[in-house]
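This briefing is meant to be read with the sequence and the model side by side. It begins with contacts along the chain and then turns to the strands, the surface and the charged pairs.

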Amino acid sequence: MTCRRAFEVCAFVVCAFGIGLAAAPRWLHAQRATTADAAVRWRTALRADALIDRDVGAQLAIGLAVPAQYNVRLALDIGAGGVRRDDTWRTTGRLDVLARWLSDPFRQSRWGVNAGGGVGIRFEDMQEARVVAIITLGVEGTSDGRWVPGVELGLGGGVRLGVTMRRAPARRR
């Protein structure tokens, strides 16, 4: 896939995600929990990932998530970093659209498990891009009332092991 084509696909994915979120409030209103914490719509996430593909690399990413149901989050992540290949560092990037299921959305226990899936676009040196299917499995810990730390293992264009910090209201994940 050429970079131009990849950017076209990225633009389509971002627009589709935005249109879906714009149309979703009426549908989601019936699905949302009725607690005061449900008023938080957009949740940000920060992550650092080790990437293991043909070679080893690392990326930093930022994401936005919106609750689709009380235990499902739709997320859009954008990341950039590098990979060591052929004795040189190459720049890498990604755009992921994921749905994450939470085992403990109301923080009733100390640890919460999440699982997710979606699609992503991977870039390398702005020369090659590829679309990948993604699955993830993660564990989130206790919160300070604003951020929830976690670790996540993902497959999609290689193995990704990440450390996450997700924004969450006081009694939610």
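In this predicted model, residues 24 or more positions apart account for 52% of the contacts that have a separation of 6 or more. Of the 173 residues in the chain, 42% are buried, while the chain exposes about 9500 Å², of which carbon and sulfur atoms supply 65%.

**The barrel**

- The eight strands close into a barrel in the order E1-E2-E3-E4-E5-E6-E7-E8, with antiparallel pairing; neighbouring strands of this sheet are turned by 25° against each other on average, direction ignored.
- Strand E1 (residues 43–52) pairs with E8 in the antiparallel sense over eight bridges, and within this part of the model Leu 46 stands opposite Met 165 of E8.
- Strands E4 (residues 88–102) and E5 (residues 112–124) are likewise antiparallel and are paired over 11 bridges, with Gly 116 in E5 as the bridge partner of Arg 100.

**Strand E8 and its hairpin with E7**

- Strand E7 (residues 147–155) runs antiparallel to E8 and is joined to it by nine bridges, and Glu 152 has Gly 162 in E8 as its bridge partner.
- Three residues lie between the strands in the hairpin of E7 and E8, where Gly 156 takes a positive phi near 160°.
- In a regular strand the side chains alternate between the two faces of the sheet.

**Nonpolar surface**

- Ile 52, Val 56, Ile 135, Leu 153, Leu 155, Val 159 and Leu 161 make a nonpolar surface patch of about 620 Å².
- E7 and E8 each supply at least two residues of this nonpolar patch, and Leu 161 is found in strand E8.

**Salt bridges**

- Side chains of opposite charge can pair when their charged atoms come close.
- The count of salt bridges, taken with a nitrogen-to-oxygen cut-off of within 4 Å, comes to 15.
- Asp 55 forms a salt bridge with Arg 85, the closest N and O atoms being 2.9 Å apart; Asp 55 sits in the loop between E1 and strand E2 (56–69) and Arg 85 in strand E3 (residues 72–85), so that the pair links distant parts of the chain, 30 residues apart.
- Asp 55 counts as partly exposed at 26% relative accessibility, whereas Arg 85 counts as buried because its relative accessibility is 7%, under the 20% cut-off.
- Arg 85 also forms a salt bridge with Glu 124, where the closest N and O atoms are 3.1 Å apart; this pair links strand E3 with strand E5 across 39 residues, and both Arg 85 and Glu 124 are buried.
- Arg 90 and Asp 125 meet through their side chains in a salt bridge (3.8 Å, N to O); because Arg 90 lies in strand E4 and Asp 125 in the loop between E5 and strand E6 (128–140), the pair ties together parts that are 35 residues apart in sequence.
- Arg 90, at 23% relative accessibility, counts as partly exposed, and Asp 125, at 27%, counts as partly exposed too.
- Salt bridges that share partners join Arg 47, Asp 49, Arg 94, Asp 96, Arg 100, Arg 122, Glu 140, Glu 152, Arg 160 and Arg 166 into one network.

How values were computed: Residues numbered from 1 in each chain as written. Predicted model: local features only at pLDDT ≥ 70, side-chain atom pairs only at ≥ 80, totals over all residues. Heavy atoms only, no water. Buried < 20%, exposed > 50% of the residue type's maximum accessible area, 1.4 Å probe, protein only. Contact = heavy atoms within 4.5 Å. Areas by Shrake-Rupley, 256 points an atom, 1.4 Å probe, with all protein chains shown as cover. Pairing = 2+ DSSP bridges. Helix = DSSP H or I, 4+ residues; strand = E, 2+ residues; numbered from the N terminus. Patch = residues over 30% accessible without salt bridge, like charges linked within 9 Å, V, L, I, M, F, W, Y side chains within 5 Å. Axes fitted to C-alpha atoms, helices over the stretch in contact; angles between N-to-C directions.
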